[in-house]
Amino acid sequence: MNSDQIFQLFAYLIPSVVTGAIAFYFFRMHTNNEEGRRRFLLHKDSQKDTLPIRLQAYERMALFLERIAIPSLVVRVAPQSKDKAAYENLLIKSIETEFDHNLTQQIYLTDECWNIIKAAKSATIQMIRKAAMSQTDSADKLREDILNETMDKTSPSATALSFVKKEIGDLW
C-alpha cells in the first residue's frame with residue numbers, strides 16, 4: 001500500500017466516521033429526550049393521583065393544629081370535675097388522642113413540616129403544664145390561667161399552621 005492509497009482510504013474513512021459520530025450524538029440526544037419525556041409523563045400521572053391525597057393530609061393537619069390551639073382546646077374540652085390535675089391530664093390526653101388519630105398523615109408531609117407539627121404539639125403541652133404549676137386550686141381557675149398566659153403569646157399552633165400554608169403554596 002502506498003501513500004496515495006492510504007490517503008484515499010482516510011479520505012473515505014473520515015466522512016463516514018464524522019457521519020457516524022453525528023448520528024450517534026443525535027440518536028443519544030433523542031433517546032435521552034424520550035426518557036425524560038416518559039419520566040415527566042409518569043411523574044405527572046402520579047402527581048394527579050397523589051396531589052389530592054397530600055392536600056387532604058395537609059387539611060387534616062391544619063384541622064389538628066386548629067383543634068389543639070389553646071383557646072379552642074379549653075373551650076372544647078370542659079373540666080369534668082374541680083380537680084386541677086385531672087383537667088390538665090384531660091387536656092393533654094385530648095391533644096395526644098388528636099395527634100394519634102392523625103399520625104398516618106406524616107407519610108404525605110415533608111419531614112420538616114411533620115417535625116414542626118410535632119414541635120407545636122409538644123409546645124402546647126408544655127404551655128398547659130406550665131400553667132398547671134400555678135397556685136390555682138380548681139380546674140375552672142386553671143382554665144382561666146391557661147387562657148390568660150397564652151393570650152399575649154403567639155400560639156405554637158398558629159406558627160405551625162402558617163408553615164403548613166406556606167408548604168401548600170409551594171405545591172402549586
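# Ring pairs, salt bridges and a surface patch

Tutor: Met29 is partly exposed in this predicted model, with a relative accessible area of 41%, and the residue lies in helix α1.

Student: Which nonpolar patch on the surface does Met29 form part of, and with what accessible area together?

Tutor: Met29 belongs to a nonpolar surface patch that also takes in Ile6, Phe10, Leu13, Ile14, Val17, Val18, Ile22, Tyr25 and Phe26, and together these residues have about 950 Å² of accessible area. Because a patch is made of residues with over 30% relative accessible area and no salt bridge, Met29 at 41% passes the accessibility cut-off.

Student: OK, changing topic to the rings: how many aromatic pairs does the structure hold?

Tutor: There are three aromatic pairs in the structure. One of them is formed by Phe99 and Trp114, whose rings are stacked, with 5.4 Å centre to centre and 25 degrees between the planes. This pair links distant parts of the chain, since Phe99 sits in helix α3 (residues 84-101) while Trp114 sits in helix α4 (residues 111-132), 15 residues apart.

Student: Why does that pair count as stacked?

Tutor: The planes of two paired rings count as stacked if they are under 30 degrees apart, and the angle for Phe99 and Trp114 is 25 degrees.

Student: And are Phe99 and Trp114 buried or exposed?

Tutor: Phe99 is buried, at a relative accessible area of 7%, and Trp114 is buried as well, at 6%.

Student: How accessible are Glu98 and Arg67?

Tutor: Glu98 counts as buried, with a relative accessibility of 15%, whereas Arg67 counts as partly exposed, at 29%.

Student: What about Glu34, which residue does it form a salt bridge with?

Tutor: The partner of Glu34 is Arg37, and the closest N and O atoms of the two are 2.9 Å apart. Because Glu34 and Arg37 are three residues apart in helix α1 (residues 3-68), about one helical turn separates them. Glu34 is partly exposed, with a relative accessible area of 21%, and Arg37 also counts as partly exposed, with 43% relative accessibility.

Student: Glu34 is at 21%, so why isn't it called buried?

Tutor: Buried means under 20% relative accessible area, and Glu34, at 21%, is therefore partly exposed.

Student: Which residues are linked with them in a network of salt bridges?

Tutor: Asp145 is linked with Lys141 and Glu144 in a network of salt bridges.

How values were computed:
Residues are numbered from 1 along each chain as its sequence is written. This is a predicted model: local features need pLDDT of at least 70, side-chain atom pairs count only at pLDDT 80 or more; totals for chains, interfaces and linings use all residues. Side-chain values use heavy atoms; hydrogens and water are left out. Rings of Phe, Tyr and Trp (its six-membered ring) pair if their centres lie within 6.5 Å; planes under 30 degrees apart count as stacked, over 60 as edge-to-face and the rest as tilted. Helices (H or I, at least four residues) and strands (E, at least two) are DSSP runs, numbered from the N terminus. Buried means under 20% relative accessible area, exposed over 50%, partly exposed in between (1.4 Å probe, protein chains only). A salt bridge is a side-chain nitrogen of Lys or Arg within 4 Å of a carboxyl oxygen of Asp or Glu. Patches are made of residues with over 30% relative accessible area and no salt bridge: like charges are joined within 9 Å, nonpolar side chains (Val, Leu, Ile, Met, Phe, Trp, Tyr) within 5 Å. Accessible areas come from the Shrake-Rupley method with a 1.4 Å probe; for residues, only the protein chains shown count as cover.
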